[in-house]
Amino acid sequence: MDWPERIGRRIKLRDLHVLLAIAQSGSITKAAQQLAISQPVVSKVVADLEQVLGVRLLDRDRHGAEATIYGAALLKRGIAAFDELKQGVKEIEFLKGAAGGELRLGASGVMAEGLLPAILNRLRRDHPLLTIDITQAFAGPALHRELRDRNVDLIVGRINLPIDDDLAAEVLFDDPLLVVAGPSNPLLRRRKLELRQLMDEPWILPQAGAARTVIEETFAAHQLRLPRANVVSSSLALHEAMLASCPLLAMWPASVLLWGARRHFVRPLPVLLPDLPRPVGIVTLKRRMIGPLAQLFIDSAREVARSIQKDRPRKQRV
């Protein structure tokens, strides 16, 4: 297909915008209402696109309209084009020194409790006009979908290696688990503990998901099953409240105790744990340019990570 004659001069961003509105609303009529243009104009845009490309882009019936495999392929690239233009505008605003721009991050709840505030505090100290929009999810795949859909610029969190081919990962540091307890727990008076000694203690554990899987792997490395949980919740706020009022035990990432506000209310126990890799870092989309705002965040994250060796809570490993 001749790009200059058939594509470059005949497919406009407005056309792709119309097609995207139809696919998202599921109806030519609804798309026309959303775009404040007439239905015949919308239909003509689609017809012209189909003529240029020589394929049917939409399946239409009395129930609405849905993108064909050809339409979906065009929209996938079209969304990427819109995103790159948006990133370009953001970069221009940043270079002009305007309002500071907006950075969209994806992060797990655990990262939001520890590492992320440390990075954001450093970043906002030097760039106070920067707006930071954070999307949280408990599971990595959900955040990866947000990244692929270009709803976030990057993800900060635990990295499961190997990573998917379309993603790029930079490991910042290793974030091991610690067994933690409330400040009045009598086990804190012990100088040394083994994980098997804690099997019959009351525990609060996260719900099924990535965090629970990591804990299961830790026990399995000692040939132990996961202990029975007295309370099951993925909320660190609830963990903290229960640890403060009950003789419960939990497993938290070391970064929460290092940087999080909750570090003042829980204490690590001197438990020998297996030295398993727990990488934390930045995940980006491979074929997407890293904008200046995202690069600022990455640079701040690297600075925070460099401080971990001297500030990390003392831990014992086997």
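Strands β5 (residues 154-158) and β14 run antiparallel and are joined by four bridges, helices (H or I, at least four residues) and strands (E, at least two) being DSSP runs numbered from the N terminus, and two strands counting as paired if DSSP finds at least two bridges between them. The model is predicted, so that local features need pLDDT of at least 70 and side-chain atom pairs count only at pLDDT 80 or more, while totals for chains, interfaces and linings use all residues. Residues are numbered from 1 along each chain as its sequence is written, and side-chain values use heavy atoms, with hydrogens and water left out.

| Strand | Sense | Bridges to β14 | Residue and its partner in β14 |
|---|---|---|---|
| β6 (residues 167-174) | antiparallel | seven bridges | D174 with P279 |

Seven of the seven residues of β14 are buried, that is, under 20% relative accessible area, with exposed meaning over 50% and partly exposed in between (1.4 Å probe, protein chains only).

R278 lies in the loop between β13 (271-272) and β14 (279-285), and R278 counts as buried because its relative accessibility is 6%. A polar atom of the R278 side chain lies 3.2 Å from the backbone oxygen of V214. Apart from neighbours within four places in sequence, R278 is in contact (heavy atoms within 4.5 Å) with residues including R158, D174, V214 and E217.

Across the chain, the secondary structure comes to 13 helices and 14 strands, and buried residues make up 45% of the 318 residues.

Technical notes:
Polar contact = N/O pair within 3.5 Å; in protein donor to acceptor, adjacent residues only side chain to side chain.
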